[in-house]
Amino acid sequence: MEGIDVIVIGTGMGGLSCGAALARMGQRVLALEQHYVPGGMTHTFKRKNYIWDVGVHCLGEMDEGRFPRRILDWLTDKQIAMHKYDKVYDSFHFPDGVKIDLPIDRDQYFADLVRRFPDEEKGLKAYKKAVDKAAKSGYGHFFTQLLPHVWGKLLTPILAHSFKRWSQTTTQKVLERTIQNGQLRTILAAQWGYYGPPPSRSSFYIHAVTTRHFWHGGFYPVGGSKVFGDALVRAIQQGGGEVLTRTPVKRVIFENNRAVGVELQNGQLYHAPVVISAIGAKATVSNLLPPEFQQSSWAQSIMKLTQSPCHVALYLGLEGNILEGGARASNQWFYESYDLEKTAWDVSDPNSLAPILYVSFPSLKDPKHEGGHTAEVVTFVPYQAFTQWEGTAKGKRGDEYLRFKKNLEQRLLAQLFKWMPKLKQHVVHCEFSTPLSTVHYCRAPQGAIYGISPTPERFACKSLRPATPYKNFYLTGSDVGTLGVVGAMIGGVLSAARLKPKIWGKLRND
Ligand SMILES: Cc1cc2nc3c(=O)[nH]c(=O)nc-3n(C[C@H](O)[C@H](O)[C@H](O)COP(=O)(O)OP(=O)(O)OC[C@H]3O[C@@H](n4cnc5c(N)ncnc54)[C@H](O)[C@@H]3O)c2cc1C
């Protein structure tokens, strides 16, 4: 490619959104992806007649006219249709038989809770207000992220004052302040799996923004999550750019502290006046930057942050009438305890259960689902359980790994059938992924499911913003925005808008 304006490294939702936004502003973008398909955690995979998503089950704020939907429509020229869940999008199941459905209407949700916990009406009102205020406080924060250094320093104390208050407290603290009943606190925080850390460690901002994200229901992309990558790649190509797969980037090339291009693993060089990394902030520092940059205070402040947890997943192929087997379009969360601080499955204990199972049936959510029925079952695990196989090649990790994996697969299946006994007879295919699969396919450090963990420390870190101390070198993706598909998309657009501020005008008018 001649005349590249911008190189984007990594083609997850963040990188592709950033590339597509710049392409829509007339830039020729070259996006480079190490995997053999674009999309990052939005890619899908197929075995026989079955297709699974690896990292998308449910999105919020996709009703026509909502800001995230307007962004998606602008980036993709309205090429993506979103299917709204019918009535209920999430269901929580607790060990004592309590089942809580999350309806697609916020008012109904709170009315249901007040009926169940009448003494908590006042507390629920205060909690709802706190969620609303905290989520909205992000606007000021993200605006200041885009300002040049001096202006940012001057205006942050004013514009991000409220954000500081909400992001620097934990979910647990706000719940303790507003809600007396322990069971209700658990119910309100039970979606923690959508952002990672438990209530004692998560920033209340991420809890609020995630909770509010789903206040008007959940959505699933028609055609499965690969439609995000397909549409965004098209947008980049329509702008004269290109997306290359199987092109792992080895390093960013700097001249006098200014990014001028990249070198691929195979030694090939690409030059461009702007380089944007969408592979995650920590991976950027440790994998792409020269050693002397890694020592800078900017880099060190990023490396100090913790990664979000990693996961294992079952990918099931199903046949027959799976509704009779208990499958539903809504996501099913199975909790083994009301204690949400138990997050990761202690796989080293042969008798342990995963504290939480998240079960999704994509084929029931997608009106245009291709192939047979499918299910995805996700739970969190400690990364240390897998470190002995770190660095081994996929498919060549040895017999001990295969035995360990098989054992986990069987235990997880048994736990699933404990909750959904009738599903067993419908299962005809089973595949199991570990955090090493996430490292292999998405190069996520320590297999982290959502990038940097959304703790108060993350939101206090001034380095997680589009601009870096190095000229013409930027960060993007979920570590710059927030987590999830929409968070990564917003991160992508923020970084693009740092280069082309007129993007905001487009989003207002188009
Ligand atoms: C199991 C699971 C379930 C999830 N469920 C949901 C959900 O229901 N709703 C939701 O909103 N979000 C969900 N998420 C989260 C969401 O998928 C991610 O937050 C989001 O897609 C991250 O986008 P990203 O662009 O920041 O990063 P990524 O998608 O990780 O993209 C980074 C890309 O960079 C590439 N890369 C890395 N290193 C290099 C290199 N050196 N050279 C070239 N390319 C490189 C990677 O291969 C990858 O394609 C889920 C995630 C997982 C794992």
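What follows is a walk through this structure, from its domains down to single strands and helices.

A word on the model first. This is a predicted model, in which local features need pLDDT of at least 70 and side-chain atom pairs count only at pLDDT 80 or more, while totals for chains, interfaces and linings use all residues. Residues are numbered from 1 along each chain as its sequence is written.

The protein is divided into domain 1 (6–44 + 59–81 + 221–305 + 452–509), domain 2 (105–215) and domain 3 (310–447), with bounds that come from an automatic or database domain assignment. The centres of domain 1 and domain 2, taken over C-alpha atoms, are separated by 26 Å. Where these two meet, the contact takes 17 residues from domain 1 and 17 residues from domain 2; two residues are in contact if their C-beta atoms, placed from the backbone, lie within 7 Å. On the side of domain 1 that touches domain 2, α17 (456–460) and α18 (484–499) each supply at least two residues. In these names, helices (H or I, at least four residues) and strands (E, at least two) are DSSP runs, numbered from the N terminus.

Now look at strand β2 (residues 29–32), which is covered on both faces: Val29 and Ala31 on one side and Leu30 and Leu32 on the other are all buried. Here a residue is buried if 20 or more other C-beta atoms lie within 10 Å of its own, exposed if 12 or fewer, and partly exposed in between, with C-beta atoms placed from the backbone. Strand β1 (residues 6–9) pairs with β2 in the parallel sense over four bridges; two strands pair if DSSP finds at least two bridges between them. Valine 8 stands opposite alanine 31 in that pairing. To get from β1 to β2, the chain passes through helix α1 (residues 13–24), and this β-α-β crossover is right-handed; that is, with the strands pointing away from the viewer, the path from the first strand over the helix to the second runs clockwise. β2 is also joined to strand β9 (residues 242–244) by three bridges, and they run parallel. There, leucine 32 stands opposite leucine 244.

Next comes another set of strands. Strand β6 (residues 88–93) and strand β7 (residues 99–103) run antiparallel, joined by five bridges, with valine 88 opposite proline 103. β6 and β7 form a hairpin with five residues between them, and glycine 97 in the turn has a positive phi of about 90 degrees. β6 is joined by four bridges to strand β15 (residues 331–335), and these run parallel; aspartate 90 has asparagine 331 as its bridge partner. From β15, four bridges lead on to β16 in the antiparallel sense, where tyrosine 335 is partnered with isoleucine 356. β16 and β17 are also antiparallel, with three bridges between them, and serine 360 is the bridge partner of glutamate 376. Within β16, Ile356, Tyr358 and Ser360 point one way and Leu357 and Val359 the other way, and all are buried.

What lies over the buried residues of helix α15 (residues 399–419)? The cover includes β14 (310–318), β16 (356–360), β17 (373–381) and β18 (427–433). The residues of α15 that are buried are Leu408, Leu412, Gln415 and Leu416. They sit on the same side of α15 because they cover an arc of only 100 degrees around the axis, the arc being that of the directions from the helix axis to the C-beta atoms. An α-helix has 3.6 residues a turn, so residues three or four places apart point the same way. On the other side of α15, exposed residues include Asp399, Arg403, Lys406 and Lys418.

Finally, turn to leucine 184, found in helix α8 (residues 182–189). Why does leucine 184 count as buried? It does so because leucine 184 has 20 C-beta neighbours inside 10 Å. Leaving aside neighbours within four places in sequence, leucine 184 is in contact with Leu113, Phe117, Glu120 and Ile179. By contrast, 41 Å separate the C-alpha atoms of leucine 184 and leucine 232, which are 48 residues apart along the chain.
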